[in-house]
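This report describes a two-chain structure for a reader who works with coordinates.

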Amino acid sequence: MKPSGQTEPRHIKPYLYSLLAGGIVLTMSNAALAASEKSEESGGLPQLDFTTWPTQIFWLMVSFLLAYLLMWRLVVPRIGSVLEERHNRIEDDLRRARQASDDAEKARVAFEEMLANARNEASDKTRQATESIMNKMDRKMETANANLAKKMVTAEADIANAKNAALKDVSEIAATSAIDVVSQLTGMKVNKTDAKKQVKQAEKALA
Amino acid sequence: MHSPVEQFTIKSLMQLELFGYDISFSNSALFMMLAVILSTLFLTLAMRGRQMVPGRMQGAAEMMYEFIADMVSGTVGNEGRPYFPFIFTLFVFLLFGNMLGLIPYSYTFTSQIIVTFVLALFIFIGVTLIAIFKHGTHFLTFFVPPGAPKVLIPFLIIIEVVSYFVRPVSLSVRLFANMLAGHTMLKVFAGLAVMITGAGGVYAPGALLPFLALVGLTGLEVLVAALQAYVFTILTCMYLNDAIHLH
């Protein structure tokens, strides 16, 4: 029994204190209630004193009517208009934001279209330029080749003429030198035409 | 030692009489007028800047407006629009009344059953008239729950009629009882703290207990003040919805 008896007070202590505190509060409130009941004996609940009712009804009607008029005419329109203004403003801003976003989207689409067009145009132009340059080059090559061929033909003709002329001179020279040789050797004068005839025969014989 | 309910006593500040009735300007009337003036001042001054991006004050005013606007459109729908100024007034009036009452030495007019009852009765009569003007005799079908077994209908009609006519009572008593209980409790704990301190000696530190409870309760009462204004307003919206749409 002894060990349990020693531990018991420790458990009980908090309960004892709270009981004590509760007891104090209870006795005090009892005293307060007793005191209040004593003074209450004269009146009872003041709310049930009918003689105060007419004044309260009258002033309730006056003040509530005044409150209603003030709220209805002054306060409610004032707050309402501010709220409506803000509501409209927000709606307006949202609408404008949507519009701006739509515009931006439209501008983006137009820009992309323009970019694609420009790209196509550029590649077209590059192709065209390449083609025209190639054509021009081909044409120039052709004319150059043609000129060259023409020049070659005339050059060949010139060469042939020169050759012929040179050959003609050779027989002339041969004729005159034959005359000279004959006159020197024999002192005979040979007719030029005869000389030429002889040269021709000799040429033929050589050929 | 004052009684915890003494705070609810009506004290006349200025004697007035009309057609033989005593309509003296009392502490209750003073706080009704204060609620009207302070709420109007707050809501107009907060909106003075008419800023596109509201500051703290304007944000609070707009939140109150939108809170009630959402409540009306959520419970009544679009047909509730014409009643919005009334519902908004009701909420602001009760909220400021409840909140002002929490300031020490002030008066809580919503803790007066006659005040909450007259408000509730006005709403009840108004809502009933709206229903009658809108639906004529068809309004009576409101008391017949749709899809109920035929045998039960007479009983159900009795229940529905009773519950309908109890509405102003339940609506007014809910607010009144909450305010009465809350303020009485605050007073009891405050009185307790004062009394224990007054006892002096070894008891004096014990005053901390009711004082801490008082601090907690005051926070709770702020919640109750806002919540009860909300409950009163949303129930009014629901009654209005019943009147406009029946079932």
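Where in chain B does B:Tyr105 lie? B:Tyr105 is located in the loop between H3 and H4 of chain B, with helices (H or I, at least four residues) and strands (E, at least two) taken as DSSP runs numbered from the N terminus.

## Basis of the model

This is a predicted model, in which local features need pLDDT of at least 70 and side-chain atom pairs count only at pLDDT 80 or more, whereas totals for chains, interfaces and linings use all residues. Residues are numbered from 1 along each chain as its sequence is written, and chains are lettered from A and ligands numbered from 1 in the order in which they are written.

The pLDDT is the predictor's confidence in each residue, from 0 to 100. For chain A the average is 82, and 79% of the residues score at least 70. Within chain A, confidence is lowest in helix H1 (residues 2-40), with a mean of 52, and highest in H2(A), at 92. Residues 1-9 of chain A stay under 50 and have zero contacts beyond four places in sequence; two residues are in contact if their C-beta atoms, placed from the backbone, lie within 7 Å. Over residues 38-42 of chain A the pLDDT is also below 50, and this stretch has five contacts beyond near neighbours in sequence. Where pLDDT is low, the predicted coordinates should not be read in detail.

## Composition of the chains

Chain A contains three helices and zero strands. Chain B contains six helices and four strands, and from the N terminus on its elements run β-β-β-β-α-α-α-α-α-α. A residue is buried if 20 or more other C-beta atoms lie within 10 Å of its own, exposed if 12 or fewer, and partly exposed in between, with C-beta atoms placed from the backbone. Of the 207 residues in chain A, 9% are buried; of the 247 residues of chain B, 37% are buried. Among contacts in chain B between residues at least 6 apart in sequence, 62% join residues at least 24 apart.

## Nonpolar cores

A nonpolar core is a set of buried Ala, Val, Leu, Ile, Met, Phe, Trp, Tyr and Cys residues joined through C-beta atoms within 7 Å. The largest has 63 residues, and those with the most contacts inside it are B:Ile68, B:Val72, B:Ile87 and B:Phe91. Two or more residues each come from helix H2 (53-186) of chain A and from helices H1 (27-46), H2 (56-75), H3 (84-101), H4 (113-135), H5 (153-199) and H6 (208-245) of chain B. H3(B) gives the largest share, 12 residues. Not counting residues up to four places away in sequence, B:Val72 touches B:Gly80, B:Tyr83, B:Phe84, B:Ile87 and B:Cys237. A second, separate core of seven residues includes B:Leu186, B:Val188, B:Ala190 and B:Leu192.

Between the chains, 45 residues of chain B are in contact with 40 residues of chain A. On the side of chain B that touches chain A, H1(B) supplies the largest share, eight residues. By class, that side has 30 nonpolar, 12 polar and three charged residues. Here Ala, Val, Leu, Ile, Met, Phe, Trp, Tyr, Cys and Pro count as nonpolar, Asp, Glu, Lys and Arg as charged, and the others, Gly among them, as polar.

Within chain B, the axes of H4(B) and H5(B) come within 8 Å and cross at roughly 145°, where axes are lines fitted to C-alpha atoms over the stretch in contact and angles run from 0 to 180 degrees between N-to-C directions. The contact of H4(B) with H5(B) has 10 nonpolar, two polar and one charged residues.

B:Val115 is found in helix H4 of chain B and is buried, with 28 other C-beta atoms within 10 Å. Leaving aside neighbours within four places in sequence, B:Val115 is in contact with A:Gln56, A:Leu60, B:Phe109 and B:Thr110. The C-alpha atoms of B:Val115 and B:Phe176, 61 residues apart along the chain, are separated by 8.6 Å.

Most residues other than glycine have a negative phi.
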